[in-house]
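Hello,

Here is the structure I said I would pass on. My notes follow below it.

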Amino acid sequence: MNRPKRMLVENVGWAAEVAASDPDFFETLAQGQSPTVLWLGCSDSRVPAETITHSKPGDLFVHRNIANLFSPDDDNTMSVLEYAVNVLKVDDVIVCGHYGCGGVRASLLPLSDALPHVNRRIAPLCALAHTHSSELDALGTMDSRIDRLAELSVLEQVKALRDTSIVRDAERPPRVHGWIFGLHDGRIKVLSSGDAAETAVDSEGQAAGSSNAASKAA
Ligand code: CO
């Protein structure tokens, strides 16, 4: 059985299981959504927002792209943010990167001519790597450079989100958090707790990635 067929079979089982444990679940789901969290994560198949946070349908408004990048010039991410903040009125926006990110890795390697769209998307990461080149070059391995750049990028996206008029001018501005997921242990590390003042410290490299970093479970 090919994968899509297997997925459809699994869907029948899943729907039956959910309905058996909560007979009103789908009726409630059909009435509308009121998620309190916007999740901006990487498209990487290993970092599914709902699974790693034990969330259910209806809990998270999700946008994922390569390397969890946010740009005010991009109507895709901006429309998601606009709807989440102005219509759904989410309380929290979470940028969640991950260690071992392929998009971040690509930004530190020679770009492939075969991937022009990816190259354009990760251009801001290349620029960020250049800005922090002395810190990154001082790290011993490629993997540690990738992981540190992934942390710096999360903080950069948090800052960019907080700087948007959508967040700043919201009736009740959402907290913007910066998290990073570890593939080796499945744990999320908090890089920015949602407090703007704290991230100002993090972005100077004082806390993120060091033993002082606030490390909390999701
Ligand atoms: Co990734």
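**What was found**

E151 sits in helix 8, which covers residues 142-162; helices (H or I, at least four residues) and strands (E, at least two) are DSSP runs, numbered from the N terminus. E151 is buried, with a relative accessible area of 4%. Buried means under 20% relative accessible area, exposed over 50%, and partly exposed in between, using a 1.4 Å probe and protein chains only. The E151 side chain makes a polar contact with the side chain of R148, at 2.9 Å. A polar contact is a pair of N or O atoms within 3.5 Å; within protein, one must be able to donate a hydrogen and the other to accept it, and residues adjacent in sequence count only if both atoms are side-chain atoms.

Before going further, note that this is a predicted model, in which local features need pLDDT of at least 70, side-chain atom pairs count only at pLDDT 80 or more, and totals for chains, interfaces and linings use all residues. Residues are numbered from 1 along each chain as its sequence is written, and side-chain values use heavy atoms, with hydrogens and water left out. The average pLDDT (the predictor's confidence in each residue, from 0 to 100) is 92, and 90% of the residues score at least 70. Over residues 202-218, pLDDT stays under 50.

H130 belongs to helix 6 (residues 116-131). Is H130 buried or exposed? H130 is exposed, with a relative accessible area of 63%.

Next, the core. A nonpolar core is a set of buried Ala, Val, Leu, Ile, Met, Phe, Trp, Tyr and Cys residues joined through side-chain atoms within 4.5 Å. The largest one has 38 residues, of which L38, L81, V93, V104 and L161 touch the most other members. Helix 8 gives the largest share of this core, eight residues. Leaving out residues up to four places away in sequence, L161 touches residues including L40, F70 and V176; contact means heavy atoms within 4.5 Å. A second, separate core has 11 residues, among them C96 and V190.

In strand 4, the bridge partner of C96 is W179. Strands 1 and 3 run parallel and are joined by five bridges, while seven bridges join strand 3 to strand 4, also parallel. Two strands pair if DSSP finds at least two bridges between them. Seven of the seven residues of strand 3 are buried, so strand 3 is largely enclosed by the rest of the structure.

Regards
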